[in-house]
Amino acid sequence: DRPIGEVCPVEWATMPDRSVLQWDKDDCAAAGLVKFDLLGLGMLSALHDTFDLVNAHHHRPLDLSTIPQDDPATYAMLCDADSIGVFQVESRAQMATLPRMRPENFYDLVVEVALIRPGPIQGGSVHPYLRRKNDQEAVSYPHPSMENALSRTLGVPLFQEQMMQLAIDCAGFDPVEADQLRQAMSSKRSTERIEALRGRLLAGMAKRDIPPEVANDLYLKLFGFASYGFPESHAISFAYLVYASSYLKRYYPAAFTAALLNNQPMGFYAPQTLIADARRHGVEIRGVDLNTSAVKATLEEAVDVPAGLAHAPSEPQPAIRLGLQTVRNLGDDVAKAVADGRPYADLDDLVRRVRVPLPALEALATAGAFGCLGLGRREAIWAVGAVADTRPDQLPGTTPGASAPELPRMTPTETTFADPRATGASPDSHPIQHVRSTLDAWGALPAAALATTGDGAKVLVGGLVTHRQRPPTAGGVVFMNLEDETGMVNVICPRQTWDRHRRVALESAALVIEGRLERQDGAVNLLAMRLAPLQRSAALSRISS
């Protein structure tokens, strides 16, 4: 009950070393103190790095305030769900919604960000909004008093502020009570706190002659938002980062991808998927090189973008050189020491000047990093075993066994699988392309071909599994992403399919899936019927029969 000035005098609060209170946030709010939630976003660092690279290599001093607004090509890319690496809209659910949403302006992105959240999903807002956005359903309001709050979102509640306004307009809440409702929706114990307000809500709506079924539906939507619904201001801030990252991906994919690689881990996708996506947009990726690679990914001279690539820039793009930090077992400190010591004359020179652990030397050799020294991968793997124990005071050229005998070069397939073992990603190929002839023989379609395949067609696809998700709101349905050298496939596994193939689906890194194609408002999904591990040809033969 003491005045705030006594609890926290101004002089005390403004002292530099005491300007942050370690009080519970709800206690701070109850005491009347201003409370800030600080959110760290890896995408902000990635965008900053992208702008630096665009300035250095394209000589365009862009930043968040100067990127061109309302660019049609950027929105067209998003409408096609070409959004791998893009902030907030790269998830499976968002990519399935973008073709149905078809964002054409900034506010569409605001809605897209807010729409795929547990609150709107559990409140039943997603499908009505999409139908109304596509003129498949007329805009309507359950009660005239709701139009004021819901007109800008086609009669569908999406934001916390709208829920507060509905409480004021429909139930007679005053602003203080509406703010209590906002706090309840944001609280860890939000469901209990909103439940406590139920009687007040229903009584207020009954007093205004709102039918009981409409009042109960509104309460259920409020209760749904207790799970997680966005404030509109939050969605606006996020939507601008969606647009900015989309614009940079569309026009500067090399700089954007390099920045994403340098800020891992973040987002939904592993570096392998980011690299494969960059190649599909015309970017050349170059592997780790002892005398060229820095610690992080860098950009090199520009190369022409192949013609005919969807949503790719027309102007040449710098090549991406993968950084030493991607090499397994190397570590940031050793990677920096190796980069700082460039160039090296040979392996002896490297191990004399930098203490590189043997597992890291083997990973560098496996990744082809010693090609600049005239060593093939197998020759390098042989040599590092000999030079690993070289002493700084040992005479150059006296390490026994450092010269490998003539060894066969790795095949393209062996190289593709060696790269992920050494660095986590293959810079210039995709594992599935090496089994494409087999998949073709079985009648399997590449991911890109599904865009022109008819609705309801029975198809077979094969690829790497990038994600498995079983949302609590999906009634036991499991969603998977399958990736091949041409793109991504969104796979829906009904409960019975998942239960029948659960072990295969969980344990296999690559799958062949038979199912029926579903097309809805531009979104393409594969409804799975049978699954088999890609590496087992016998199973594949059965599944394709």
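Contact means heavy atoms within 4.5 Å. The model is predicted: local features need pLDDT of at least 70, side-chain atom pairs count only at pLDDT 80 or more, and totals for chains, interfaces and linings use all residues. Residues are numbered from 1 along each chain as its sequence is written, and side-chain values use heavy atoms, with hydrogens and water left out.

**Exercise 1. The surroundings of Asp-455**

Task: Determine which residues Asp-455 touches, leaving aside residues up to four places away in sequence.

Solution. Step one is to locate the residue: Asp-455 sits in the loop between helix 24 (436-442) and strand 4 (458-469). Helices (H or I, at least four residues) and strands (E, at least two) are DSSP runs, numbered from the N terminus. Step two is to list the contacts, which are Leu-517, Glu-518 and Arg-519. Step three looks for a polar contact, that is, a pair of N or O atoms within 3.5 Å; within protein, one must be able to donate a hydrogen and the other to accept it, and residues adjacent in sequence count only if both atoms are side-chain atoms. A polar atom of the Asp-455 side chain lies 3.0 Å from the backbone nitrogen of Arg-519. Step four considers accessibility, where buried means under 20% relative accessible area, exposed over 50%, and partly exposed in between (1.4 Å probe, protein chains only). Asp-455 counts as exposed because its relative accessibility is 55%.

**Exercise 2. The barrel**

Task: State in what order the strands of the closed barrel run.

Solution. The barrel has 5 strands in the order 4-5-6-8-7, with mixed pairing. Two strands pair if DSSP finds at least two bridges between them. Next, take the pairs in turn. Strand 5 (residues 478-484) and strand 6 (residues 487-493) run antiparallel and are joined by 7 bridges; in one of them, Glu-483 has Met-488 of strand 6 as its partner. Strand 6 and strand 8 are parallel, with 2 bridges, and Val-491 stands opposite Leu-526 in strand 8. Strand 7 and strand 8 are antiparallel over 10 bridges, and Glu-518 faces Asn-525 in strand 8. The last pair, strand 7 and strand 8, forms a hairpin with 2 residues between the strands, and Asp-521 in the turn has a positive phi of about 55°.

**Exercise 3. Helix 6 and its neighbours**

Task: Find at what angle helix 6 and helix 7 pack, and how far apart their axes are.

Solution. Axes are lines fitted to C-alpha atoms, for helices over the stretch in contact, and angles run from 0 to 180 degrees between N-to-C directions. On this basis, helix 6 (residues 92-101) and helix 7 (residues 106-115) pack at about 145°, with axes 11 Å apart. The contact brings Gln-94, Thr-97, Leu-98 and Met-101 of helix 6 to Asp-108, Val-111, Glu-112, Val-113 and Leu-115 of helix 7. Helix 6 also lies across strand 4, strand 5, strand 6, strand 7 (510-520) and strand 8 (523-533), and runs at about 140° to strand 8.

The residue Ser-91 belongs to the loop between helix 5 (72-79) and helix 6. Its side chain reaches the backbone nitrogen of Gln-94 at 3.2 Å. Ser-91 is buried because its relative accessible area is 10%.

**Exercise 4. A covered helix**

**Exercise 5. Backbone exceptions**

Task: Identify where the peptide bond from Gln-264 to Pro-265 is placed, and whether it is cis or trans.

Solution. Most residues other than glycine have a negative phi, and most peptide bonds are trans. The bond from Gln-264 to Pro-265 is cis, with omega near 0°, and Pro-265 lies in the loop between helix 17 (253-261) and helix 18. A cis bond also runs from Arg-342 to Pro-343. As for phi, Asp-209 has a positive value near 60°.
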